[in-house]
Amino acid sequence: MNKPIIGKALEYIITFFIILTLNFMVPRLMPGDPFTFLSNDEVGVSFTFTEEEIKKYKDYYGLNKPITTQYVDYLKNTLSGYLGYSIFYNDEVLNIITERITWTISLVFISTLISAFSGSLLGSISAYYRHRKIDKVLYFFFVSISQIPPFLIGLLILYYFGAYLKLFPLSGGITPFMEYNSYWHKIIDLAYHFILPALTLSFVNIGNFYLVSRNSVIEILSKDYITTAKAKALKKRRIVFVHALRNAIFPIVTRIFLSFGTVIGGAVLIENVFNYPGLGLLMKEAVFYRDYPLIQGIFTIMALFVLTMNLLSDLINKKLDPRLS
Amino acid sequence: MLNRKGILMGNKNILIISFILILSLLAGCGQDNIQANEKLNKNNDNLVIRLEGGDWGYPTPFLHYRRGPGAYKMKLIFDSLLEKDEKGLIPWLAKEWEIKNDGKEYIFKLNKNIKWHDGNKLTADDVKFTFEYYKAHPPVWNNLIVNGKNIIENVDIIDDYTIKFIVNEKNATYLERVGTMPIIPKHIWENVKDPLKFYREEAVIGCGPYKLTNYSREQGIYKFKAFENYWGPKQKVDVIEFVPVSDPILAFEKGDIDTLMASPDILNRYENNEGFKVTKNKPFWGYRLIFNMDNRPELKDKSLRKVFAYGINRDELVQKVARGAGIVASMGYLPKAHKWYNPDIKKYNFDIEKARKLINGKEYSFKLLIGNSPKEVKIAELIKLSLSKVGINIEVKSVDNKTRDGLVKKGDFELAIIGHGGWGRDPDLLRDMYYSSETMESNSPASGSLPGFYNEKINELALLQMKQLNFDERKETIYKLQEVIAQEVPQIPLFNTIGYFVFRPLKYDGWMYTYDHHYPEHCKLSYLERK
């Protein structure tokens with residue numbers, strides 16, 4: 001009983017170390033460094049560092065040390081919870097990340113719930129009406145949209161609901177400079193800004209859940225007890241949602257946890273489209289400026305999140321499916 | 001499994017849905033739903049201007065970011081001894097100044113009754129403190145370093161409102177360098193050990209026209225409110241708000257922001273429309289093609305460089321890449337709108353025949369390093385096409401911008417294209433760019449990027465102009481310098497871009513351009529009453 005748990009734990013620890021190592025190496029393999037600015041954008045200006053300043057900063061951030069020493073320092077710091085000091089933003093990486101992580105996490109959680117719920121609902125309907133028109137339309141629709149890149153869906157939604165219908169704000173996570181007279185007022189404002197990015201992200205992932213639930217409901221529907229249920233003249237709704245979906249729910253739950261990795265990826269792109277204040281925008285800039293500590297910090301936190309979700313899915317699987325334990 | 005018919009049926013529905021969607025989108029484009037008719041604000045009382053935001057750092061002289069418009073936000077809070085208008089430097093915190101002792105002493109007389117945002121008075125003591133503090137803790141925008149050294153030797157207080165700077169040498173750029181440094185309050189900063197960690201509220205107490213009342217890093221918003229006890233001209237804009245924007249055009253048309261940098265393609269929406277006014281930004285942003293003469297010594301031959309000058313159709317680049325919103329750059333580097341631009345230098349109009357004559361039947365091939373912006377890719381392709389007709393074969397290598405910058409800095413390239421601003425600054429930038437020596441310095445994105453280039457005459461003129469405090473004498477040297485540069489072709493300035501600045505004049509039309517900067521939102525005087 002104990003051995004598999006230790007094995008699993010070891011697996012996770014090794015994965016985490018590999019991720020930490022990649023995190024350290026990949027940014028440093030990219031050419032360019034945080035101190036060189038030769039070009040700039042059309043509205044911006046840039047101030048370059050003098051050679052003296054570069055030397056000072058490299059010492060300050062330990063970038064002059066041999067790469068192995070840097071690596072050991074980095075592992076030590078990360079494991080003790082210190083993610084470093086951002087070169088571009090001039091602040092603790094952890095501070096910068098905590099400011100933004102709630103935005104991304106809530107976007108990811110809520111949109112996953114929306115897409116899982118509506119995806120499995122539609123999937124079950126599709127399965128029940130298999131080979132009929134409604135199934136074919138749904139199937140085609142979800143297969144098609146799951147192939148559209150998230151930012152494109154985002155742009156379309158932004159344009160249509162934000163700019164053309166003017167129903168929702170074009171950007172941001174909250175109305176700037178607003179003074180709220182109640183807590184509810186604030187929540188409503190947050191939700192108002194949240195709807196379009198969340199809708200986009202749900203839309204991007206709904207296809208996944210639709211397909212998973214359709215397949216597993218189809219499988220269940222061919223079981224004998226469903227035939228029995230039908231023979232008992234139970235209502236359609238009851239057969240699909242109570243008898244079939246309930247038994248098909250297990251792969252869907254697994255899928256929810258496993259999908260967090262891809263959903264975070266999608267969130268990064270969508271945050272950039274809506275200028276939504278999460279980790280996505282930050283990640284883009286960190287890579288752009290070659291801000292090593294910040295890149296490492298963001299990826300470490302994301303990796304931790306995804307690994308935790310995988311672990312949860314392992315545990316829940318065991319709970320849900322007695323065959324696994 | 002789906003049968004064939006089923007797919008087609010599904011397909012049809014999708015088609016219909018997409019068709020409806022596209023139609024409604026088109027309807028959106030055609031319908032003129034631009035919000036232009038803001039109420040005319042006669043007194044400009046409580047005028048609130050909204051501009052495109054984004055996080056550019058906490059606006060102290062030490063914490064705004066190294067890129068982007070953060071520095072100009074800081075300048076709304078912190079005044080300097082001098083300011084810039086359309087023509088040049090103007091008195092600001094200092095009402096007058098004097099240069100003595102052959103350019104080694106600068107004496108500034110300060111205005112009285114200048115108050116910091118917290119009510120304290122500004123005196124010469126604060127000014128002296130500022131420059132000493134900057135020596136120990138260099139700010140991001142540090143004009144005080146020349147050749148790796150701080151130019152200030154000593155700051156003496158003559159009386160409460162008179163201050164004397166002793167500088168290390170005679171130099172024509174020192175007045176601007178000293179005059180434009182933001183002054184910080186001694187009573188706040190004297191106890192600050194590490195300005196890079198000073199995020200407190202007091203850090204944004206300045207004596208400038210605006211106070212920072214709101215900033216959020218993760219949302220990228222700033223709010224500036226007019227300082228009621230400001231010593232200088234009255235603020236015409238009461239509140240300046242910087243807000244996050246996903247798509248500037250949509251945000252401008254919806255009325256979320258009040259100004260827009262428009263591309264030529266959408267300009268006709270705003271031109272000849274009463275609700276809008278369009279001005280041209282100054283062409284102080286541009287692309288240039290640089291040669292690495294260390295890696296490819298054949299480029300040390302002036303006539304081969306001239307083959308590039310004649311063989312690249314720069315007019316075509318302006319038309320096709322900038323869509324007409326640009327001008328062909330001057331071979332003497334300083335753009336046409338620059339105060340010191342010499343119009344009579346050698347021009348290199350596109351001339352294949354001349355280029356062929358100069359290359360004299362030889363063939364070359366070069367690797368051209370560029371960033372990954374679509375514009376740079378277009379420029380590179382057009383250059384490749386036209387040079388292939390002359391006998392120069394170009395292999396384009398596109399990498400991300402930061403990688404390109406890194407490779408250029410290391411000298412790991414043959415030819416490269418770089419785009420950057422700052423072409424309107426003091427002409428001493430010619431020394432920065434063309435003077436060849438071992439020590440590369442300074443704040444310019446341009447500096448030290450012509451590996452292997454050396455020219456005695458250019459060095460001589462570049463050093464001479466730096467020492468000339470007399471306007472006419474210096475102007476003559478700068479003109480001459482541009483002339484020599486244009487003959488030598490050490491690099492090829494390709495074109496300068498002209499951005500279009502669109503705003504709603506009924507709401508606010510105080511926008512102005514300083515003589516050396518391309519963008520009105522960055523100019524402090526844009527928000528203040530003018531005489």
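View 1. B:Phe62 and B:Tyr133 are both buried (under 20% relative accessible area, with exposed meaning over 50% and partly exposed in between; 1.4 Å probe, protein chains only). The model is a predicted one, in which local features need pLDDT of at least 70, side-chain atom pairs count only at pLDDT 80 or more, and totals for chains, interfaces and linings use all residues. Residues are numbered from 1 along each chain as its sequence is written, chains are lettered from A and ligands numbered from 1 in the order in which they are written, and side-chain values use heavy atoms, without hydrogens and water. The ring centres of B:Phe62 and B:Tyr133 are 5.8 Å apart and the planes stand at 80 degrees, so the pair is edge-to-face (rings of Phe, Tyr and Trp, the last by its six-membered ring, pair if their centres lie within 6.5 Å; planes under 30 degrees apart count as stacked, over 60 as edge-to-face and the rest as tilted). B:Phe62 sits in the loop between β1 (48–52) and α2 (70–77) of chain B, and B:Tyr133 in helix α3 of chain B, 71 residues apart. Helices (H or I, at least four residues) and strands (E, at least two) are DSSP runs, numbered from the N terminus.

**View 2. Rings of B:Phe252 and B:Tyr270.** This pair is edge-to-face because the planes are at 75 degrees, with centres 5.6 Å apart. B:Phe252 belongs to helix α6 (residues 248–254) of chain B and B:Tyr270 to the loop between β13 (259–262) and β14 (277–280) of chain B, so the pair ties together parts 18 residues apart in sequence. B:Phe252 is buried, at a relative accessible area of 0%, and B:Tyr270 is buried, also at 0%.

**View 3. Ring cluster in chain B.** Ring pairs join B:Phe62, B:Phe108, B:Phe129, B:Phe131, B:Tyr133, B:Tyr134, B:Phe165, B:Trp189 and B:Phe198 into a cluster. Over all chains, the structure holds 57 aromatic pairs.

**View 4. Open sheet of chain B.** Four strands in the order β4-β5-β9-β8 (chain B) form an open sheet with antiparallel pairing (two strands pair if DSSP finds at least two bridges between them). At the edges are β4 (94–100) and β8 (152–159) of chain B, each pairing on one side only. β4(B) pairs with strand β5 (residues 105–110) of chain B over six bridges, in the antiparallel sense. The bridge partner of B:Glu96 in β5(B) is B:Lys109.
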